[in-house]
Amino acid sequence: MVKWGVMEGFMSEENFTRSILAWYDGGHRDLPWRRTKDPYRIWISEIMLQQTRAETVVSYYERFLARYPDVRALASAPQEELLKSWEGLGYYSRARSLQKAAQVIVERYGGELPADLTALRALPGIGDYTAGAIASIAFGIPAAAVDGNVERVLCRYDAVTEEVGTPAVRRKIAARAQALVPADRPGAFANAMMEMGATMCTPRSPKCLLCPVRESCRGFLSGIAQELPRKPKKKAQRVENRAVLLVFAGGRVLIVRREEKLLGGLYVFPDVPEERDPSALCAVLERLGVEAAYDGPLGHARHVFTHIVWEMDIFAFEAQTCADVPGGRWVTAQELATLPLPTAVKAARTHAMERLRAGR
Ligand code: SF4
């Protein structure tokens, strides 16, 4: 049974909120997106932070904003250039959704983010958490923003022992979080809860003895904080073996634009699943319209996505001419350095660059 509400001897919701805010006001990380109220900048930071650590986001955030200083600049950016700016942050679908949302904001809202939770939630790439974060931080709307960090804090504080992730538990945590939002400082509270989750109530070693709400934290008092939240078992990752083909001709290498959902729109080297036999790989290239001779293996690389692992064997091929390939381009070392290629093919790109620069 999940128990909610205030038990005798425990903090009221208001006291919880005040304690968290007082702790936050007493000192927190100085992150660039906390120095602004500009909805556009806050939106960009929240999208970047969705699957990337704050420390990594810091180095991309200012550079991205210098290049795309407002919604209109983002809406009209060439997609290839935008994806290049996103390189290193991963999860490229975020960049594509960001641009789609920017186009909607220009068309429907005159280039200004709407100060409305439902309208924000309807934009591409913006879920409940991000809508709540933008609404509270940028517009002062008393909306809760529940991400994994906040969920962890609340599950521990209330000693929720059910598996999280079910719609029922999710709804209860959302309602609990909403009840805690102070009408006067919703943005500061959203930041304070995220700070709690990131620095105090951390996944592996919560610093309970320093925590501002430890005296009423049921998870801490009952000694089970570290075991919470209980998560459903992760699905096993699927392993995909792929041959990555570096095909060289006339000082150039062949790249192709990926059409699949995963890494869609990005350039990669041609690859072939579950095949390593050189003559079979040559036959695949022939079907693409490229006559090439096998030139040996270049090494192995591994890339882990959320649910899939790519085990990649990289092979070199030499073609006589740069034949036309649908969705393909033959690029020099210089072009290869500036195109948006995903981190997954970083090792292959390094091999290709070395070979092109060596003039082989
Ligand atoms: Fe988290 Fe420990 Fe604080 Fe409870 S006392 S909220 S478990 S850090």
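## Helices α1 and α10

The angle is roughly 75°, and the axes of helix α1 (residues 13-25) and α10 come within 9 Å. On the α1 side the contact is made by E13, F16 and T17, and on the α10 side by R176, A179 and L180. Sorted by class, the contact of α1 with α10 has three nonpolar residues, one polar and two charged.

## Helices α5 and α6

Two packed helices are described by the angle between their axes and the distance between the axes. For helix α5 (residues 79-86) and helix α6 (residues 93-109), the angle is about 130° and the axes are 9 Å apart. That angle makes α5 oblique to α6. The crossing in which α5 passes α6 is right-handed.

From α5, the residues Q79, L82, L83 and W86 take part in the contact, and from α6 the residues R94, A95, R96, L98 and Q99. Five residues of the contact of α5 with α6 are nonpolar, two are polar and two are charged.

## Helices α8 and α11

Helix α8 (residues 128-139) packs with helix α11 (residues 186-200) at an angle of about 130°, and their axes are 7 Å apart. That makes α8 oblique to α11. In α8, the residues Y129, A133, S136 and I137 meet P186, G187, A190, N191 and M194 of α11. The contact of α8 with α11 divides into six nonpolar and three polar residues, with no charged ones.

## Aromatic pairs

The structure holds eight aromatic pairs. One of them joins F64 and W86: the ring centres are 5.7 Å apart and the planes stand at 80°, so the pair is edge-to-face. F64 lies in helix α3 (residues 54-67) and W86 in helix α5, so the pair ties together parts that are 22 residues apart in sequence. W86 also belongs to the contact of α5 with α6.

## Backbone exceptions

Most residues other than glycine have a negative phi, and most peptide bonds are trans. A159 has a positive phi of about 50° although it is not a glycine; A159 is in the loop between α9 (148-157) and α10 (167-180). E274, also not a glycine, has a positive phi of about 50°, and its place is in the loop between β4 (271-273) and α13 (278-288).

The peptide bond from L228 to P229 is cis, with omega near -5°. P229 is located in the loop between α12 (218-221) and β1 (238-249).

## Confidence

The protein chain has a mean pLDDT of 91, and 97% of its residues reach 70 or more.

Over residues 1-9, pLDDT stays under 50. For this stretch the model has 17 contacts beyond four places in sequence. Where pLDDT is low, the predicted coordinates should not be read in detail.

Definitions and conventions
Residues numbered from 1 in each chain as written. Predicted model: local features only at pLDDT ≥ 70, side-chain atom pairs only at ≥ 80, totals over all residues. Heavy atoms only, no water. Axes fitted to C-alpha atoms, helices over the stretch in contact; angles between N-to-C directions. Helix = DSSP H or I, 4+ residues; strand = E, 2+ residues; numbered from the N terminus. Parallel < 35°, antiparallel > 145°, perpendicular 65-115°, else oblique. Left-handed = near helix turned anticlockwise from the far one by under 90°. Contact = heavy atoms within 4.5 Å. Nonpolar A, V, L, I, M, F, W, Y, C, P; charged D, E, K, R; others polar. pLDDT = per-residue confidence, 0-100. Phe/Tyr/Trp six-rings, centres within 6.5 Å; stacked < 30°, edge-to-face > 60°.
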